[in-house]
Amino acid sequence: MRSHLTDLIRRDCEEICPSAVTLLQEIKNQKLYITGGTGFVGTWIAELVTCLNDKHGFNTGLVLVARDTDSFRERAPHIASRKDIQLVSADVRRTLEIPDDVSYLLHLAASPDNRQHVSNPIVTMETITGGTGNVLDSASKLASLKKILVASSGQVYGKQGNAKISENMPGTLNSNSITSVYPEAKRYAETLCCAYWSSCKLPVVIARPFSFIGPYQGLDKPWAINNFIRDALMDNPVRIIGNGMPVRSYMYPSDMALWFLRILTSGTAGLAYNVGSPSGISLKDVAEKVMQYFGAAADVIIKNMNDDFSAFVPDDTFCRESLNLSVTVPIDTALRRSLEWYRSLE
Amino acid sequence: MKKVIISDATLRDGSHAISHQLTKAQITKYAQAADKAGLPIVEVGHGNGLGASSLQVGLSLLDDREMLETARASLTRSKLGIHIIPGFATINNDLKFAFDYGVDVVRVASHCTEADITERHISYTREQGREAYGVLMMSHMASREVLLDEGLKMQSYGAEALIIMDSAGAYLPTDVQDRISHLVANLNIPVGFHAHNNLGMGIANSITAVEAGAQIIDGASRGFGAGAGNAQLEVLVAVFEKLGFSTGIDLYKMLDAADIVEKEIMQSTPCVTSVSLVSGLSGVFSGFAKHVSLAAKEYGVDPRDIFFELGRRKVVGGQEDKIVEVALELREKTEARTK
């Protein structure tokens, strides 16, 4: 990876380090084991932890587990080649050999790509349910384990009203739909966590990630903001099929990495925490900001072919009050930084 | 006033009716007329779509590049659309160059139960900043629940609309109402309908589709298309305006374009022939009509028997080789009875 790109990431991590140093003392001199460790969330956690090691002497070791570690070595050699990073090739659907000295575990393995979910629904469900079962089983045998975080999804809430979504709102999923494959598997995984917590007293916390935008996110995903950025980079008009009124929120990944680690270390076992920005913004406004910041000459085309006034925005009260977490990178800054990143990739 | 987007399949579905022998002059003249009329989308290509020209389904007179280049040069307002079926069309060999020739809308089609083969083509189209529609062909062969399941897949891949095709012209208005209303109620993307006229229901079914919530309707000038033809485009424009739906199309100029098709492109006006009616009744792809007629003549069997047997075997587009197989079997049975 070009040094300019790694510099951008390091700048973001250093910016959040003062908070991280205070909030993440528990991971000092510890070893963390991360399944799905080379994905979007895992990579950002690795960036933040290595920054804490380099700048603040955290001496935290990371074991990044993934099926394909070779591509990560090519994609992020500045992380893969470090002594505080260990890469392990493994499939979470098979038995895992977790080192005895692991004290924290993050189970992040599962693709959030909704195209894969509907094209390979059985594999998707097996990976999430079977994989989570394997990880929880292996974790329950670790003598020195302090906490395990299992990544669920904000999608477990299903369609909600326009209010911000808090952790105690029940889900509204239709289990009998191909689009429920991923969120229903995540719901099952959450309940499995509850079962291990209850039966084995496994110290497990759940994180429910919402939407993110920033470096390392692939623009091939068919999500609205990714499409907007991709079209803007190509000077194509941004098309919105509906009325542009759906409200979403976007968290910058340096905040995301800190939130995940804080929930891991300080979240209460047995509970679930939202990970996402509470600042809602309409798709129309996001599209216009993207075009503005990206300097794209093309238009935002609102097709008005549906009346969608839905909202999908997390309530951050629980994380803010119980874990002292907040969003430090507002949407405008997130978009500008994303622009810098994607332009540098070109 | 509610809007309906009309997608013009004349220079694509019409290719079936003339064994894919469209000339450059025909494409130029019709595309210019359609553009003047304000057609939102003008599809061009082999009847089975990009990359389909072959001995199996028929060789085109012009190759894909020539057709796209010719049409692009004639369209200023209308979007240039193509129909592609993964398997016929590959991303590297076909879709990439189509974008070089200025294609705006890619209608990625699969059999009604096989949407998962469209993932890469839809994704690639979106990655290039072009519009991608998902198309489910032979939709009468699936229940509304199956169509929704497949439509949700296409929506997840990034399709910006879902079109269901009545490829065999087998629907009655109640079938259309049932399926379209279910899709409209459960998808986040606009729903469209593509009629064939085998049972004389092309216009009626298109009206039913719009009344059930469809926002995109396919048609062809003078009904120039496979089998008994498509929903007649100029009639659609007139009827929708009379019903209070806006199409944005100039009726007089649309009629001029339709006249061009009648006088300079089509060899015969599509109508509900005995063969096409049987195609609709048996639920067999309208594009099989010419192949069935040829096989019937060559092997001395009744084309209606071929259609009903193909329908019984649930044969779909791409299985044209089954036509000869069925014709031979029917001849053998007839000969055995005679002996």
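Author: Helix α7(A) has its buried residues covered by, among others, α5 (114-119), α6 (121-139), β5 (147-151) and β6 (204-209) of chain A. Cover here rests on contact, meaning heavy atoms within 4.5 Å. Helices (H or I, at least four residues) and strands (E, at least two) are DSSP runs, numbered from the N terminus.

This is a predicted model: local features need pLDDT of at least 70, side-chain atom pairs count only at pLDDT 80 or more, and totals for chains, interfaces and linings use all residues. Residues are numbered from 1 along each chain as its sequence is written, chains are lettered from A and ligands numbered from 1 in the order written, and side-chain values use heavy atoms, without hydrogens or water.

The buried residues of α7(A) include Val181(A), Tyr182(A), Pro183(A), Leu192(A), Cys193(A) and Tyr196(A). Buried means under 20% relative accessible area, with a 1.4 Å probe and protein chains only.

Now the length. Helix α7 of chain A runs over residues 181-200, and its 20 residues should span 28 Å at 1.5 Å a residue. The expected span is 1.5 Å times one less than the number of residues. The end C-alpha atoms are 28 Å apart, which agrees. Just after α7(A), Lys201(A) takes a positive phi of about 55°.

Last, the setting. Chain A has 12 helices and 12 strands. Of its 346 residues, 58% are buried. Among contacts in chain A with a separation of 6 or more, 83% join residues 24 or more positions apart.

Terms used:
Buried < 20%, exposed > 50% of the residue type's maximum accessible area, 1.4 Å probe, protein only.
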